[in-house]
Structures are given as C-alpha cells and as structure tokens.
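Subject: Structure for you to look at

Hello,

Here is the structure I said I would pass on. Please open it alongside this message; my notes follow below.

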Amino acid sequence: MTGADLVVDGPGAVAEEMSPRAGGADERVCTIGRVISVVGDKWTLRILCEAALNGVSRFTEFQDLLGIATDVLAQRLTKLVDEGLLTKESYKEPGQRARFRYELTGAGGEMRLVLAALQQWGDVHRPGGSGLTEVGRTLGANKAVRVDFVDEDDAVVPADHIAYRYAI
C-alpha cells in the first residue's frame, strides 16, 4: 500500500486513510465536508431553502421570513454569492433607491434536490413541530414527488443497495 491508500471494510463502512498528510494531520476532506463548509453555517440552508423552494430574492424578504439579524444575513448572502450559489443583482423600483436581489445560479438551483431530500428526511424522522412542511408537487399534473436514488437505467434503487467508494 502507498501512503495515500484507503481501507474500506465493506459497503457503508467509513474509509480510513493509512497515513497522515504532510504536517502530521489528515487534511483530506470528503465531498460532503466541502459542501458543509459552504452551506453548514447557521441560517445558510434556510436562506437557500427560501430562495430555491419559495422564490425569495430580496434582503428584506429573507429577514422578515427568517427573523435573522441583518449583519448575519448580509454575511451569509455574501458567502453564497462568493461560492457561486447566488448572484447579486441591482434593481430599482420607481421612486426608491437602488437595492439588490439574490437569484439562484445553476449550482444554486441544483441545491433544490438536496433541500428536498433534507425535507423528506425531516418529514419522516422529525415530523410535527410548529413549522411548515414544503410539499413538492409537479407543475400541471399536481402529483406529489419524492427524492430517490435512481440508476443509469432510471430504476429506483433502495439506499441500502448502494456502496460508496472514495476516489482520490
């Protein structure tokens, strides 16, 4: 084995690196870790949820809906713009000063799938509470939708029939 080899003991097992990186620490971060570094701050997923699922785009709308402090909201929106999930666009209503709206980029729009999966999991494992549940439905036919694993032949695959392997 080389210093970069990984050991995985069966499907669903956690991979373990056999030797640390330079400096004595394992600096390898998996894809999920990289995503969490972008959207894992408090409020960030909620902001994305409002933008992606409800079409919210204005600073004051986010603030009113979420009850988030203005400095925190500004910081999270800036990060989402810097990371390429939102764009910041100027607009001006008649008689008003110029303001900004935040629109989803292609990458931001693709977060709908992630958000829908989180919502679906929450409906099953954390039901109830005082909050609302987002219900995804098809446009036109108004049919309920769900998030699933789908193979290259478009067949639904149960989650426990999938193995993950690290690619370095």
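The protein has an accessible surface of about 12000 Å², and 53% of that surface belongs to carbon and sulfur atoms. Accessible areas come from the Shrake-Rupley method with a 1.4 Å probe, and for residues only the protein chains shown count as cover.

Some ground rules before the rest. This is a predicted model, in which local features need pLDDT of at least 70 and side-chain atom pairs count only at pLDDT 80 or more, while totals for chains, interfaces and linings use all residues. Residues are numbered from 1 along each chain as its sequence is written, and side-chain values use heavy atoms, with hydrogens and water left out.

Overall make-up

The protein contains five helices and six strands, in the order β-β-α-α-α-α-β-β-α-β-β along the sequence. Both are DSSP runs numbered from the N terminus: helices are H or I with at least four residues, strands are E with at least two. Of the 168 residues, 18% are buried, where buried means under 20% relative accessible area, exposed means over 50%, and partly exposed lies in between (1.4 Å probe, protein chains only). Among contacts (heavy atoms within 4.5 Å) with a separation of 6 or more, 37% are between residues 24 or more positions apart.

Helix α2 and its neighbours

After α2 comes G55, which has a positive phi near 75 degrees.

Two packed helices are described by the angle between their axes and the distance between the axes. Axes here are lines fitted to C-alpha atoms, for helices over the stretch in contact, and angles run from 0 to 180 degrees between N-to-C directions.

- On the α2 side, L45, L48, C49, A52 and L53 meet M111, R112, L115 and L118 of α5. By class, the residues of this contact are eight nonpolar, no polar and one charged. Ala, Val, Leu, Ile, Met, Phe, Trp, Tyr, Cys and Pro count as nonpolar, Asp, Glu, Lys and Arg as charged, and the others, Gly among them, as polar.

- α2 with α4 (residues 70–82): the axes come within 10 Å and cross at roughly 70 degrees, so α2 and α4 are also roughly perpendicular. T44, I47 and L48 of α2 meet L73, R76, L77 and L80 of α4. That contact has five nonpolar, one polar and one charged residues.

- α2 with α3: the axes come within 11 Å, crossing at roughly 115 degrees. R46, I47, E50 and A51 of α2 meet F62, L65 and L66 of α3. Here the residues divide into five nonpolar, no polar and two charged.

L86 lies in strand β3 and is buried, with a relative accessible area of 2%. Leaving out residues up to four places away in sequence, L86 touches A51, L77, L80, V81, Y102, E103, L104 and T105. L86 and L48 are 38 residues apart in sequence, and their C-alpha atoms are 8.8 Å apart in space.

Regards

Definitions and conventions
Parallel < 35°, antiparallel > 145°, perpendicular 65-115°, else oblique.
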